[in-house]
Amino acid sequence: SRMGRDKAFLEFVGQPLLARQIKTVRTAGATEVFISGCAETDYSAFDGRVITDRFPDAGPLAGVEAALATGTNPLLLVLAVDLPEINMEFLLRLRAGCSDYIGTIPRVGKNVEPLVAFYPKSSHAIAEKRLCGQSCAVKDFADECVQSGLARFVDFSVADSINFKNYNSPDDLPCTT
């Protein structure tokens, strides 16, 4: 709502943010790409399967849950659309800390970044449980995944914080159109 429109369509360096993220994850090796967004929005111009939340109005965790329920790979990379500074090299470094059944969640100091993370498919039950009555905060989901041994925090340097620069308003984008 702070952006005033769907961030997926905002342009950054000549392309929509969503197209940029999809290209980045495909370059990093993603074989399945899901787009979770507003149900009434047409994302058909983008190269990914559109999924809908089973838990409406529950925030980003509902999209994570839908992707975990839909995906066939043992790990799911969650990547927020409004992080245009993220790059393939960073994602590959984060992926290097995973195993087939244990995901990774980046952390810089005490700041956890749960919307740039690998979650194992087995964490679906945690997401679903949280959406059925517990906290819907993605950070709480990430913390529970770590406590359950399904993911681990991976510490990154302050210099890596650029990957998490979040764009919330049109003025935040260096090259908007």
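## Surface and overall form

Accessible areas in this report come from the Shrake-Rupley method with a 1.4 Å probe, and for residues only the protein chains shown count as cover. By that method the protein, which is a predicted model, exposes about 8,900 Å², of which carbon and sulfur atoms supply 52%. Buried residues account for 42% of the 177 residues. The mean position of the 18 positive charges and that of the 22 negative charges lie 5 Å apart.

Five helices and nine strands make up the secondary structure of the protein, and from the N terminus on these elements follow the order β-β-α-β-β-α-β-α-β-β-β-α-α-β. The radius of gyration is 15 Å, close to the 16 Å that the globule rule gives for 177 residues, so the protein is as compact as a globular protein of that length. Of the contacts between residues at least 6 apart in sequence, 66% join residues at least 24 apart.

Strand β8, which covers residues 116-120, is mostly covered, as five of its five residues are buried. In a regular strand the side chains alternate between the two faces of the sheet. In β8, V116, F118 and P120 point one way while A117 and Y119 point the other way, and all of these residues are buried.

Strand β5, at residues 75-79, runs antiparallel to β8 and is joined to β8 by five bridges. Within this pairing, L75 has P120 of β8 as its bridge partner, and V78 stands opposite A117 of β8. Strand β5 is likewise mostly covered, with four of its five residues buried.

## Loop residues with positive phi

Two loop residues may be described together. V13 lies in the loop between β1 (11-12) and β2 (15-16), and its phi is near 50°, which is a positive value in a residue other than glycine. With a relative accessible area of 53%, V13 is exposed, because the cut-off for that class is over 50%.

D57 is placed in the loop between β4 (49-51) and α2 (60-70), and here phi is near 60°, again a positive value in a residue other than glycine. The relative accessibility of D57 is 84%, and D57 therefore counts as exposed.

Which residues does E65 touch, not counting residues up to four places away in sequence? E65, which belongs to helix α2, touches R54, F55, H124, A127, E128 and L131 when those sequence neighbours are left out. Its relative accessibility is 0%, and E65 therefore counts as buried, the limit for that class being under 20%.

## The segment before β1

Leaving aside residues up to four places away in sequence, D6 touches C38, T41 and Y43. For T41, which is 35 residues from D6 along the chain, the separation between the two C-alpha atoms is 8.7 Å.

L10 also belongs to the segment before β1, but L10 is buried, with a relative accessible area of 1%. The C-alpha atom of L10 is separated by 9.9 Å from that of V81, although the two residues are 71 residues apart along the chain.

## The segment after β9

Y167 is located in the segment after β9, the strand at residues 151-155. At 1% relative accessibility, Y167 counts as buried. How far apart in space are Y167 and C98, C-alpha to C-alpha? The distance between Y167 and C98 is 27 Å, and the two residues are 69 residues apart in sequence.

Notes. Residues are numbered from 1 along each chain as its sequence is written. This is a predicted model: local features need pLDDT of at least 70, side-chain atom pairs count only at pLDDT 80 or more; totals for chains, interfaces and linings use all residues. Side-chain values use heavy atoms; hydrogens and water are left out. The radius of gyration is taken over C-alpha atoms; the globule rule is 2.2 Å times the number of residues to the power 0.38. Buried means under 20% relative accessible area, exposed over 50%, partly exposed in between (1.4 Å probe, protein chains only). Contact means heavy atoms within 4.5 Å. Lys and Arg count as positive and Asp and Glu as negative; His and the chain ends are not counted. The place of a charge is taken as NZ of Lys, CZ of Arg, CG of Asp or CD of Glu. Two strands pair if DSSP finds at least two bridges between them.
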